[in-house]
Amino acid sequence: MPEVLVVQCVQKMPLGINKYKEVGLLKIFKFMVPEIIFGKGTTRLVGESARRLGANRVFLVSDKGVAEAGWVDRAINYLKEAGLEVKVWLDVTPNPKDYEVERGTEAYLESGCDVVVGLGGGSAIDAAKAIALLATNGGKIRDYEGVDKIKKPLPPLICIATTAGAGAEVTQFSIIVDSERKVKMAIGSKSLVPDIAIIDPVLLSTKDAVLTADTGMDALSHAIEAYVSVAATPMTDVFALRAIQLIASSLRASVASRTNEEAKTTMAMASLMAGIALSNAILGAVHAMAHPLGGLLDLPHGEVNSILLPHVMRFNLIACVERYAQIAQAMGERTEGLSMREAAEKAIAAVERLRSDIGIKPRLSDVGLKEEHIPALSRAAVADVCLVTNPRDATEEEIAEIYRAAL
Ligand SMILES: [Fe+2]
């Protein structure tokens, strides 16, 4: 007689990824991914991809930096070669703001476009997702903060990643700054998973060393947080652990040389895998704490994450010693003969060494944080959706202590 799968829901989680006690064979989970097109030169497939989604006129969301690098013109050409009309929207800044996406939505609705293409790093892609959301659902972007608030289908969405880090081209999240409250809102819904994600490592060749370092550490924080998340599953584990391994082996080389194609391609794959892991296992305290900090001081997301990451790992250690020991091994640390605890601590040391090697400052005071900011940041962090999946429960006081440790 076959074994009967019996599961019992023990904790309600965001996005319907509830935590189940395993009584039978398998945990129950969902796994969301878009169609993924990966490889050098695949940006040229954007026109054909948009056509397959029924496009006549494409709304292309990007930013001025990506345009200066020449990638916007290239995408326009590919879209026109496929016989499509294009309306370009470049008014997106790093850490995209609510008013920017609301203006972008007006432009989309006036343009008569029928497909949205996001081209850029996390900021441009998150903005493209938010514009697509408001285009059919209406209202203000603040109305959708949290999970599963989107009721109507979005226009078809294609995302092309220009940084190896955010993973936004495959996730079910969009992060937008509420300019009044000065916090980053996390909006989560399976409706935000793009229809098609294009990852073309050639687009990484124009990134400078600082952006390469920041975004690479963002990808590492995605993979580590997803690997120890309480919503992790056997499928997210595969993507998270492999991403950690690839980042540990290639981020230094990718930062060191703009022309190291092999390292750039490996980082593009690592970022994609980390994005798939985070979209399905969600994140933890690093991102819960980075969101209000990034909103308050308008700082690069990856830089903030990489400063917070070792401190959050130290706090979380007692909840996931074995998993940290596995992370240490994935990062190439020697763990033979060590206790589980000693091996786990090596993961934290490996993250700090990587961060130092690629030139990221180690303290939040280096990027402008002051002691007086901490109470408000801690209040916002405990309300952030990412904290729900952190492996160790954290109070507002404990979060404040982590900020102070990183100050
Ligand atoms: Fe991130």
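# A guided reading of the predicted model

Helix 8 (residues 261-281) supplies three residues to the lining of the second largest cavity, the largest share of that lining. Among the residues that line the second largest cavity are Ala161, Thr163, Ala164 and Glu169, together with Ile199, Asp200, Pro201 and Leu204. Ala268, Ser271 and Leu272 also belong to this lining.

Ala161 lies in strand 8 and is the bridge partner of Gly120. Strand 8 (residues 157-161) pairs with strand 6 in the parallel sense, over five bridges. Strand 6 is also joined to strand 4 (residues 57-61), by four bridges, and these two strands likewise run parallel. In that pairing, Val58 stands opposite Val115 of strand 6.

How many of the residues of strand 6 (residues 115-120) are buried? Six of the six are buried, so strand 6 is largely enclosed by the rest of the structure. The covering extends to both faces of the strand: Val115, Val117 and Leu119 are buried on one side, and Val116, Gly118 and Gly120 are buried on the other.

Helix 5 (residues 122-137) is the next element to consider. Helix 5 has 16 residues and reaches 22 Å from its first C-alpha to its last, which is close to the 22 Å expected at 1.5 Å a residue. This helix is mostly covered, with 14 of its 16 residues buried. Gly138 follows helix 5 and has a positive phi, near 70 degrees.

Three strands take part, in the order 7-10-9, and their pairing is mixed. Strand 7 (146-147) and strand 9 (173-178) stand at the edges with a single partner strand each, so one side of each is left without a neighbour in the sheet. Strand 7 pairs with strand 10 (residues 183-188) over two bridges in the parallel sense. Within this arrangement, Val147 stands opposite Gly188 in strand 10.

The model also contains an iron ion. Which protein atoms are the donors of the iron ion? They are OD of Asp218 and NE2 of each of His222, His287 and His301, lying 2.1 to 2.2 Å from the ion. Along the chain these donors follow the spacing D-x3-H-x64-H-x13-H. Asp218 in helix 6 (residues 209-228) and His301 in helix 10 (residues 301-316) are 83 residues apart, and the pair links distant parts of the chain. The angles among the four donor atoms run from 84 to 168 degrees, and the site is irregular. Asp218 has 5% relative accessibility and therefore counts as buried, the cut-off for that term being under 20%.

The last stop is Pro375, which has its place in helix 13 (residues 374-383). Is Pro375 buried or partly exposed? With 40% relative accessibility, Pro375 counts as partly exposed, because that term covers the range between under 20% for buried and over 50% for exposed. The C-alpha atoms of Pro375 and Glu396 are separated by 8.4 Å, although the two residues are 21 residues apart along the chain.

Methods. Residues are numbered from 1 along each chain as its sequence is written. This is a predicted model: local features need pLDDT of at least 70, side-chain atom pairs count only at pLDDT 80 or more; totals for chains, interfaces and linings use all residues. Side-chain values use heavy atoms; hydrogens and water are left out. The expected span of a helix is 1.5 Å times one less than its number of residues. Buried means under 20% relative accessible area, exposed over 50%, partly exposed in between (1.4 Å probe, protein chains only). Two strands pair if DSSP finds at least two bridges between them. Donors are N, O and S atoms within 2.8 Å of the metal (3.2 Å for Na, K and Ca); water is not among the atoms, so sites may look incomplete. Four donors count as tetrahedral if all angles lie between 85 and 135 degrees; four count as square planar and six as octahedral if opposite donors are over 155 degrees apart and all others between 65 and 115; anything else is irregular. On a 1 Å grid over the protein atoms alone, a cavity is a set of points where a 1.4 Å probe fits but cannot get out, and a pocket is an open set with protein on both sides within 12 Å along at least five of seven lines; lining residues have an atom within 4 Å of a point.
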